[in-house]
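Welcome, and thanks for opening your viewer. Let's walk through this structure one selection at a time.

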Amino acid sequence: MPVTGIGAAAARQLVADGHTVALVGRSKQKTEALAHELNADFFVADFIRFSEVRALAERLKDSYPRIDVLINNAGGIFGDQARTVDGFEKTLQVNHLAPFLLTNLLIKTLTASNAAISNTSSIAARIFGKINLEDLNNERRYSANKAYGDAKLANILFTKELDRRFSQQGVSAVAFHPGNVQTSFASDTTSVMRFIYQTPLGRMAGLISPEQSAVHLVWLAEGTPGREWVSGEYYEKQKIAKTNPQAADGQLAVGLWDKSAELVGISTTAL
């Protein structure tokens with residue numbers, strides 16, 4: 001059975017277009033199967049463990065002295081509030097803190113490569129997100145929807161701050177909503193999103209295929225920043241789109257960056 005999902009569909013298209021793709025996945029079986037299909041390198045890392053993210057970064061730096069595009073596509077919405085081995089709410093770590101850590105650990109390679117960074121966000125940022133820097137783990141008012149919305153809003157704020165900090169060094173960053181896609185997304189949650197994505201009723205509501213969604217991811221990966229798309233912006237259907245008002249708060253973006261750096265244990269002044 002072929003490996004499915006937005007990332008897999010995008011990887012197939014990018015390889016078909018002649019690009020060298022390195023795959024990263026949580027499941028060794030699935031990632032290795034796709035790598036074999038595409039004759040591509042692959043790496044396995046579970047983002048619920050920062051130790052695996054750090055090891056992944058070292059392997060990528062050793063294997064690829066140049067990285068033209070980094071696609072942060074990991075994500076998920078989960079059920080009851082759960083902590084990772086690193087002590088953070090799982091949704092926050094998988095969707096935001098782990099990609100934040102990986103990107104920062106690779107930042108010297110990315111700046112030297114004039115790289116583009118693509119962060120997969122969601123319209124959930126607009127619908128459910130309301131970030132409180134003093135309660136990123138949502139201990140005071142947790143719900144699966146709010147945790148996911150906050151994390152997807154964090155992806156956009158991260159994008160904007162990447163652009164502010166590193167655009168003069170040649171790095172571009174963009175966030176986008178992949179669409180409502182028919183995948184295994186939301187299969188592990190009690191959120192209403194499970195009924196949208198994992199039931200016949202939801203599938204009749206216009207969910208798109210991973211291949212249809214991957215078109216937007218490939219468009220960003222192959223596009224030229226400043227021509228096809230604008231660095232620091234959030235896109236839906238290949239157009240700049242409105243999102244949560246908090247995404248326009250520059251002080252919040254700085255605060256989230258500094259707080260995230262503290263939580264993952266990196267010094268931004270040393271990068």
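Start by selecting glutamate 32 and lysine 28: both sit in helix α2, four residues apart, about one turn of the helix. Keep in mind as you look that this is a predicted model. Show the two side chains and you will find them meeting in a salt bridge, 3.0 Å from N to O. Glutamate 32 is partly exposed at 36% relative accessibility, and lysine 28 is partly exposed too, at 48%.

Because glutamate 37 lies in helix α2 (residues 28-38) and arginine 12 in helix α1 (residues 6-16), the pair ties together parts that are 25 residues apart in sequence. Glutamate 37 has a relative accessible area of 43%, which is partly exposed; arginine 12, at 21%, also counts as partly exposed.

Now move on to helix α7 (residues 144-166) and select glutamate 161 and arginine 164, three residues apart, about one turn of the helix. Their side chains meet in a salt bridge of 2.6 Å, N to O. Which of them is buried, and which exposed? Glutamate 161 is buried, with a relative accessible area of 2%, whereas arginine 164 is exposed at 51%.

Finally, zoom out. The whole structure holds 14 salt bridges, and the chain has eleven helices and seven strands. Of its 271 residues, 52% are buried.

Definitions and conventions. Residues are numbered from 1 along each chain as its sequence is written. This is a predicted model: local features need pLDDT of at least 70, side-chain atom pairs count only at pLDDT 80 or more; totals for chains, interfaces and linings use all residues. Side-chain values use heavy atoms; hydrogens and water are left out. Helices (H or I, at least four residues) and strands (E, at least two) are DSSP runs, numbered from the N terminus. Buried means under 20% relative accessible area, exposed over 50%, partly exposed in between (1.4 Å probe, protein chains only). A salt bridge is a side-chain nitrogen of Lys or Arg within 4 Å of a carboxyl oxygen of Asp or Glu.
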